[in-house]
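Student: I would like to learn how to read a structure like this one, feature by feature. Could we go through it together?

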Amino acid sequence: MKHFLTVTALILTTATSSLAHEAPTEHKGVSVFGRDALELGAQIPAMEGFQLRIRQVKLAPGGVVARHDHSTRPGAYFVIKGEGVIDVQGEVETPVPVGTAIMESQGVDHWVKNTGKEAHFFVLDIVPVDQ
């Protein structure tokens, strides 16, 4: 009986933990500014049709960048101010304190949440010109 209760408690804890990490589907408290882009074809002929895109993103306390994927593009961001957590591929939430650089390869599926005061990120990615 004791073994049954332990297993049941483990299952309930796992189920509750899974529900707690459900990926958000909408942005919350996000502001984007300082945008610019550079078409890469003139710089690197093999990159014709792609652009290097840069922007700053601020997240209010409790703010969220909703779940999204990088199925067509790599990206990177740097935490300038604040702290948060990132959940990649639906795995464990990982802290991202100020000064953290994150590289996002093609195929990454993730979301970010601000767990402190205002958070500020510098974001860079390569995307098709039409995005």
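Student: What share of the residues in the protein is buried?

Tutor: A residue is called buried when its relative accessible area is under 20%. In this model, which is predicted, 29% of the 131 residues are buried. The accessible surface of the protein amounts to about 8,400 Å², and carbon and sulfur atoms hold 62% of that area.

Student: Which elements does the protein contain, and in what order do they run from the N terminus on?

Tutor: The protein has one helix and eight strands, and the order from the N terminus on is α-β-β-β-β-β-β-β-β.

Student: Where is the centre of the largest pocket, in terms of the residues that lie nearest to it?

Tutor: A pocket can be described by its space and by the residues of its lining. Here the largest pocket holds about 480 Å³ of space, and among the 24 residues that line it, R55, V57, V65, H68 and V123 lie nearest its centre.

Student: Which strand gives the most to that lining, and what kinds of residues make up the lining?

Tutor: β2 gives the most, with six residues, while β1, β2, β3, β7 and β8 each supply at least two. By residue type, the lining of the largest pocket consists of 12 nonpolar, five polar and seven charged residues.

Methods. Residues are numbered from 1 along each chain as its sequence is written. This is a predicted model: local features need pLDDT of at least 70, side-chain atom pairs count only at pLDDT 80 or more; totals for chains, interfaces and linings use all residues. Side-chain values use heavy atoms; hydrogens and water are left out. Helices (H or I, at least four residues) and strands (E, at least two) are DSSP runs, numbered from the N terminus. Buried means under 20% relative accessible area, exposed over 50%, partly exposed in between (1.4 Å probe, protein chains only). Accessible areas come from the Shrake-Rupley method with a 1.4 Å probe; for residues, only the protein chains shown count as cover. On a 1 Å grid over the protein atoms alone, a cavity is a set of points where a 1.4 Å probe fits but cannot get out, and a pocket is an open set with protein on both sides within 12 Å along at least five of seven lines; lining residues have an atom within 4 Å of a point. Grid points are joined across faces, edges and corners, and a volume is the space filled by probe spheres set on the points. Ala, Val, Leu, Ile, Met, Phe, Trp, Tyr, Cys and Pro count as nonpolar, Asp, Glu, Lys and Arg as charged, and the others, Gly among them, as polar.
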